[in-house]
Amino acid sequence: MKKEFFLSLLALCNVVAFAQPDRWQQHVKYTMNVDVNVTTNRFTGKQQLEYTNNSPDTLKKVFYHLYWNAFQPNSSMDVRSRELGKIMINQKRPDWDNRVRDRIVNLTPDEIGYDSVVSLKMNGILQSLKYHETILEVDLAQPILPRSKVVFDVAFKCQVPLQIRRSGRDNPTTGVRYSMSQWYPKMCEYDYEGWHPTPYVAREFYGVWGDYDVTVNIDKTYKLGATGTLQNANEIGWGYDVPNSDLKPTEKDTRIWHFTGSNIHDFVWAADPDYIHLVRKTYAGGPIINVIYKNKPKDKDNDAQWTTLADAAVKVLPFIEKTFGKYPYPVYSFIQGGDGGMEYPMATLLVGPGLDGAFHEWMHSWFQMMLGTNESMYAWMDEGFTSYAENLVMKFYTGHASIDEYKDALKQDPENNNLKDLLSMLPDDHCDGYAGYFQLEKSGFEEPLTTHADHFNTNYAYSIASYCKGEMFLEQLGYIVGAPVRDKILLEYYKQWRFKHPNADDFVRIAENVSDIKLDWYKEYWCSTTKTINYSIDSLWEENGVTKIRLKRIGLMPMPIDLQLTFKDGSSEVHYIPLNLMFGEKPNENAKETRIVHDEWRWTHPTYVVEIKQRLTNIRKVEIDPSKRMADVDRKNNLLELKW
């Protein structure tokens, strides 16, 4: 009894220790007031930033992001886009971002964007400033001591750029007047790795969690959607006080909009005189859903499509929370604006009401707004995990697996052999991710997932790597540890690491603890290399009534193997071969099917022989990974059908 009690106590201690990962976080508290001139497209602002240094380090300088300085001719964003445009993908498509192209170099002085700091004080004392285009370096007159708090006061002035990338005015596609993202001097993140003053060249953001109190003074005809909760809803009306209410009149020329949000790491807002506001309540105590879009009287379907989005969000939220964790904020707003879908805390900018894009941006609330990995270093953990979630949410909403779209496409074009071949390689779910990866692998442009987001050689390689390979990371993880175990891993990841900026190793440790399987090898091969998975059925024969099947690893990435045998009588069984690097095995995923576990396959050995206590002539079909979740780049040698 004493021994059992001691072991139980030890196990409990391990669970408690496992459930309490700790990583200090800096904290910010922004109070900002801006005055917008809708004629000049400029605004002035005052920012008070209460900054808490929770680190053990003394900070001798700080850094701010000044994102809009990217929207000027000859900026790093401009030149990088034009240089990538010289690279041809598939010998026919320039590699630049089609939204940016060479548009920045052609901006006129009244079309460019800029963030200019007029003055910056810490605890009332002016500080020394040094501009690095989109990064402001501040050499502090006095250092910030560990676990201390200071107050920065910043006066700034900005010009809203013509809509180019994410931020801007006068969107040429939607006509939205202002998409105000990355619009203010924003403190860079300082974490256990040090400062992250990442220049704004193309993509990805990393921010400090804290509280935002934002007041926007703008022409009274404009209507706003934003991060956070509107504090003066009774003054504004327009659905913020009660659903379907009108914008309340004012005799002043301008109107003040006051929003607040807590435990967030950015703030976005958008404004247009012709916005329409839909409001939906979810469950009791759940978040309010706002859908804000531009009125288009000549487009009869416009209202219906945005209404569908509002209702769909209410429908899918319980599934999302059950699968990925509870949404912790009081509101979420889908706002038409930007140059494409782009996620922010408690809100997203969308060009249109498409459900797949809207659900994708919403799922960023989990994998970026709450978990907050460093997107520059781990874009695949943000975009990829979000794409994975989007696929499941769409499946829940529509009732259809993503493979159905490819089957429908083949019905429309039955003679398309390329589509036939692709369809034979795709699993039921996450088809776009697998299809994109297979295309990239053949292209010669692939780079490791560990490449910094701004430093991929091509936009093409970045996009497929971060979205597709990241999505596949989770689906293949289900193949390795079992899908139900993978689902538990995702909930435990949310539970333990939200609001703590986890990295890839943090996720893997959660996965290992939940699954009791070693997974460092999986991260190393899939993320740090471009080695491929390729297994084949090499040969089979019979000796003394025992069938022997030799499998061969052709690719350089090792994996565990599900080998399904189908017999003459129609029955089947799975022969499972764990990989020696796993130091464990996944549970049987299908209790209705017989599974036989074999000795582990050592990764150093290119071949493995499976022995089956069946006569060879009883076997009709042999298939490696019938689920197709393993990203085998050549599935033609994965299936052998025997015609006796």
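Student: How do the residues lining the second largest cavity divide into nonpolar, polar and charged?

Tutor: In this predicted model, the lining of the second largest cavity has four nonpolar, two polar and four charged residues.

Student: Which residues are they?

Tutor: The second largest cavity is lined by Lys186, Phe205, His265, Asp266, Met342, Glu343, Tyr344, Gln368, Met369 and Glu375. Strand β24 supplies the largest share of this lining, namely three residues.

Student: What is the volume of the second largest cavity?

Tutor: The space inside the second largest cavity comes to about 60 Å³.

Student: What lines the largest cavity?

Tutor: Its lining consists of His65, Tyr67, His196, Thr198, Pro199, Tyr200, Arg203, Glu204, Phe205, Tyr206, Asn374 and Ser376. By class, five of the lining residues of the largest cavity are nonpolar, five are polar and two are charged.

Student: Turning to pockets, what is the volume of the largest pocket?

Tutor: The largest pocket has a volume of about 680 Å³. It is lined by 37 residues, and those closest to its centre are Asp97, Arg99, Arg165, Ser463 and Tyr467.

Student: Which elements give two or more residues to that lining?

Tutor: They are α2 (76-84), β24 (342-344), α5 (355-367) and α10 (459-481). The lining of the largest pocket comprises 13 nonpolar, 11 polar and 13 charged residues.

Student: What about the second largest pocket; which residues lie nearest its centre?

Tutor: Glu390, Asn391, Ser402, Glu405 and Asp432 lie nearest the centre, out of 22 lining residues. The volume of the second largest pocket is about 530 Å³.

Student: Which element gives the most to the lining of the second largest pocket?

Tutor: Helix α6 gives the most, with six residues. The elements that each supply at least two residues are α6 (379-398), α7 (403-412), α9 (431-443) and α10. In terms of class, the lining of the second largest pocket has six nonpolar, eight polar and eight charged residues.

Student: What does Trp526 touch?

Tutor: Leaving aside residues up to four places away in sequence, Trp526 touches Tyr437, Leu449, Lys469, Met472, Phe473, Gln476, Ile533, Met557 and Ala631.

Student: On to the strands: how many bridges pair β2 with β10?

Tutor: Strand β2 (residues 42-53) pairs with β10 (residues 148-159) over 12 bridges, in the antiparallel sense. Within this pairing, Thr44 stands opposite Lys157 of β10.

Student: Where does β6 come in?

Tutor: Strand β6 (residues 114-122) also pairs with β10, again in the antiparallel sense, over eight bridges. There, Asp115 has Cys158 of β10 as its bridge partner.

Student: What is the order of strands in the open sheet of four strands?

Tutor: The order is β8-β9-β3-β13, and the pairing is antiparallel. Strands β8 (128-132) and β13 (186-187) stand at the edges and have a single partner strand each, so one side of each has no neighbour in the sheet.

Student: How many bridges join β3 to β13?

Tutor: Two bridges join β13 to β3 (residues 59-65), and these strands run antiparallel. Tyr64 stands opposite Met187 of β13.

Student: Last topic, backbone angles. What is the phi of Asp170?

Tutor: Asp170 has a positive phi of about 55 degrees, although it is not a glycine. Asp170 sits in the loop between β11 (168-169) and β12 (178-180).

Student: Why does Asp170 count as partly exposed?

Tutor: Asp170 counts as partly exposed because its relative accessibility is 29%, and the partly exposed range lies between under 20% for buried and over 50% for exposed.

Student: And what is the phi of Phe499?

Tutor: Phe499 is not a glycine either, yet has a positive phi of about 65 degrees. Phe499 lies in the loop between α11 (483-497) and α12 (504-515).

Notes: Residues numbered from 1 in each chain as written. Predicted model: local features only at pLDDT ≥ 70, side-chain atom pairs only at ≥ 80, totals over all residues. Heavy atoms only, no water. Pairing = 2+ DSSP bridges. 1 Å grid on protein atoms, 1.4 Å probe; cavity = no way out; pocket = protein on both sides within 12 Å on 5 of 7 lines; lining within 4 Å. Points joined across faces, edges and corners; volume = space filled by probe spheres on them. Nonpolar A, V, L, I, M, F, W, Y, C, P; charged D, E, K, R; others polar. Contact = heavy atoms within 4.5 Å. Buried < 20%, exposed > 50% of the residue type's maximum accessible area, 1.4 Å probe, protein only.
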